[in-house]
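Good morning, everyone, and thank you for letting me take a few minutes of the meeting.

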Amino acid sequence: MEIKNPELYTWKVDWDEWTKKFIHPQTQNKDWDAIVEEVGPEIYIWPIFTEKFCELIIEEAEHRDIWTVNRHENYPTTDFLLKKIGLNGMYEKVLQEYGYPVANSLWGLTGKAWGEEMTSENFLAKYNPDAQGHLDSHIDMSDYTITLALNEAFEGGGTWYHKQQTLVKAPTGHVCLFPMPTHKHSGRWIKSGTRYIIVSFCKRRR
């Protein structure tokens, strides 16, 4: 199927222009102290993407319509890997620039293992009451997880962190960072609308 929003794919052609269009203006400066907010114990949010990026990638996802429901054996989600629509390389580059460095700064992580050698499984998921409205309590297979909120046009929802007694419903374009395995969590029930997120299971290469 043909691409619906080709501007999402121009990151390979002109990264600087792509960044100006799709990365939050304040985040482009990489002043982490100015943008990162702790919203619960070891749970952090900050803006990375513009609302335009989020709008376009939701459109692209629904246009491609390649949702799966059985990729995760124990805790299945309605999702697909970003590589299936040719955007995993873009997302990895964004994490290298605006994701992993924040975790390193917050937790004092050093060395290549926490930088250029990091890898992630990146997938776009959706929740709505007519299909999959929630996700049971679970622990991610990651060193830490970064979750991007793509929209706010839904009621209910959010991520509930059990031990930390914290519910997070990040604004559009903001990511939420938390470590594993300390932060067991679940997806709260969607009452109406559809919640879209991009989840990254971030890991050191073993």
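Let me start with N122, which sits in strand 4, the stretch covering residues 119–127. Please keep in mind throughout that what we are looking at is a predicted model. Is N122 buried or exposed? Its relative accessibility is 1%, and because buried means under 20%, N122 counts as buried.

For another asparagine, please look at N74, which lies in the loop between helix 3, residues 51–64, and strand 3, residues 78–81. With a relative accessibility of 60%, N74 counts as exposed, and its C-alpha atom is separated by 27 Å from that of E152, which is 78 residues away along the chain.

While we are among the loops, I would like to point out some details of the backbone. Most residues other than glycine have a negative phi, and most peptide bonds are trans. With that in mind, consider D65, which is in the loop between helix 3 and strand 3, and which has a positive phi, near 50°; at 53% relative accessibility, D65 counts as exposed. K30, in the loop between helix 1 (15–22) and helix 2 (32–35), also has a positive phi, near 60°, and at 36% relative accessibility this lysine counts as partly exposed. Finally, the peptide bond joining M180 and P181 is cis, with omega at about 5°, and P181 is found in the loop between strand 10 (174–179) and strand 11 (185–187).

Now let us turn to strand 6, residues 144–149, where 6 of the 6 residues are buried. In a regular strand the side chains alternate between the two faces of the sheet. Here, Y144, I146 and L148 point one way, whereas T145, T147 and A149 point the other way, and all of them are buried. Which strands does strand 6 join? It runs antiparallel to strand 10, with 5 bridges between the two, and T147 stands opposite C176 in that strand. Strand 6 also runs antiparallel to strand 13, residues 195–203, through 6 bridges, and there A149 stands opposite I197.

My last stop is a pair of helices. Two packed helices are described by the angle between their axes and the distance between the axes. Helix 4, residues 88–98, packs against helix 5, residues 100–107, at an angle of about 30°, and the axes are 4 Å apart. Because angles under 35 degrees count as roughly parallel, helix 4 is described as roughly parallel to helix 5. The residues that meet are E92, L95, Q96, E97 and Y98 from helix 4 and Y100, P101 and V102 from helix 5, and they divide into 5 nonpolar, 1 polar and 2 charged.

Key
Residues numbered from 1 in each chain as written. Predicted model: local features only at pLDDT ≥ 70, side-chain atom pairs only at ≥ 80, totals over all residues. Heavy atoms only, no water. Buried < 20%, exposed > 50% of the residue type's maximum accessible area, 1.4 Å probe, protein only. Pairing = 2+ DSSP bridges. Axes fitted to C-alpha atoms, helices over the stretch in contact; angles between N-to-C directions. Parallel < 35°, antiparallel > 145°, perpendicular 65-115°, else oblique. Contact = heavy atoms within 4.5 Å. Nonpolar A, V, L, I, M, F, W, Y, C, P; charged D, E, K, R; others polar.
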